[in-house]
Amino acid sequence: MAAQLALFDDAGHAPAARAGRPAAWRHPRANRECCLENAVVAYEFRRARRRTIGLVVNAQGLSVRAPAWVPEAEVLRFLLSKSAWVLDKLRQQASRPAPAMVWRDGAVVDFLGQPLTLSLDPSHRFEGAGAAQVGQRLCVALPQDCGAERLREAVHAWLQAQAQAWFVRRLDHFAPQVGVRWSRLRLSRATTRWGSAKADGSIALHWRLIQLAPDLIDYVVVHELCHLREMNHGPAFWRLVEQVLPDQAQRRQALRRVTLLTLT
Ligand SMILES: [Zn+2]
């Protein structure tokens with residue numbers, strides 16, 4: 001028997017089908033949703049060291065930055081007061097063709113929810129995966145003219161190596177809290193599931209999870225570990241998840257907003 005965590009929700013429905021009202025605009029790192037003049041806008045919200053509330057609309061969508069001392073209700077009021085401007089900018093962006101990921105020096109990939117800029121540098125000899133993170137850069141030991149395919153393969157190999165190590169650490173961290181033992185980890189590349197668990201203790205986690213924020217990875221890790229005790233999504237299962245992660249509902253909702261399509 002295998003219990004699986006669906007990409008969108010546990011019934012396997014896309015969020016749009018559940019909510020009834022799909023977001024008209026969704027930032028790939030969206031962690032908030034609001035309604036602007038009848039359009040649902042899912043946006044990225046972050047606290048930042050700044051004096052004023054900042055709104056940025058780019059190809060990814062709407063990002064909102066606010067100083068730590070401004071209450072969120074006030075941020076939302078400000079956002080609503082700028083509805084017309086925001087929607088105008090979003091519509092302008094939507095009328096442009098979406099830029100496809102171009103695999104080259106300077107391209108950006110997400111790692112643990114943060115952007116990493118690719119930096120090609122053949123003079124380096126990185127152990128193992130052929131790449132190393134240096135601050136906000138991912139240095140890849142390939143020449144500038146290596147070609148998109150080789151670069152993509154090198155970056156994916158590095159991400160998968162990080163995924164393996166990170167997932168093992170988090171499984172080991174949470175297994176005692178759930179009161180289970182896991183036996184084997186497999187990195188999956190399923191198209192509709194973030195993870196799955198089998199009664200023999202083996203767990204599969206999608207390698208792309210490593211591109212999401214640690215909170216979301218932890219949610220999937222805990223979800224699958226809990227399936228080693230409850231092979232269903234009944235009330236006892238959710239109680240168990242909530243014991244370990246009291247804010248599991250928020251994390252679950254944030255994960256629903258991520259689609260594999262937004263990951264490059
Ligand atoms: Zn599940």
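Let's start at Arg104, which sits in the loop that runs between helix 3 (83-94) and strand 7 (108-111). Keep in mind as you look around that this is a predicted model. Is Arg104 buried or exposed? Its relative accessibility is 53%, and exposed means over 50%, so Arg104 counts as exposed. If you set aside the neighbours within four places in sequence, Arg104 is in contact with Leu118 and Leu151.

Now follow the contact to Leu151. Besides Arg104, Leu151 touches Trp103, Asp105, Leu118, Leu120, Val140, Leu142 and Cys146, again not counting residues up to four places away in sequence. Leu151 is one of the buried residues of helix 4, and that helix deserves a look of its own.

Helix 4 covers residues 148-178, 31 residues in all. From its first C-alpha to its last it reaches 43 Å, close to the 45 Å expected at 1.5 Å a residue. Going along the helix, you'll find other buried residues, including Ala154, Val155, Trp158, Leu159, Phe167, Leu171, Phe174 and Val178. Here's a handy bit of background: an α-helix has 3.6 residues a turn, so residues three or four places apart point the same way. After helix 4 comes Gly179, with a positive phi near 85 degrees.

Where do those buried side chains lead? The largest nonpolar core has 51 residues, and Val140, Leu151, Val155 and Leu225 are the ones with the most contacts inside it. Which element gives the most to this core? That would be helix 4, with eleven residues. There's also a second, separate core of 19 residues, and among its members are Leu36, Leu55, Val57 and Leu62.

Last stop: the zinc ion. Which residues coordinate it? His223, His227 and His233 do, each through NE2, at 2.0 Å. Their spacing in sequence reads H-x3-H-x5-H. His223 counts as buried because its relative accessibility is 0%, whereas His233, at 30%, counts as partly exposed.

How values were computed. Residues numbered from 1 in each chain as written. Predicted model: local features only at pLDDT ≥ 70, side-chain atom pairs only at ≥ 80, totals over all residues. Heavy atoms only, no water. Helix = DSSP H or I, 4+ residues; strand = E, 2+ residues; numbered from the N terminus. Buried < 20%, exposed > 50% of the residue type's maximum accessible area, 1.4 Å probe, protein only. Contact = heavy atoms within 4.5 Å. Donors = N, O, S within 2.8 Å, 3.2 Å for Na, K, Ca; no water. Expected span 1.5 Å × (residues − 1). Core = buried A, V, L, I, M, F, W, Y, C linked by side-chain atoms within 4.5 Å.
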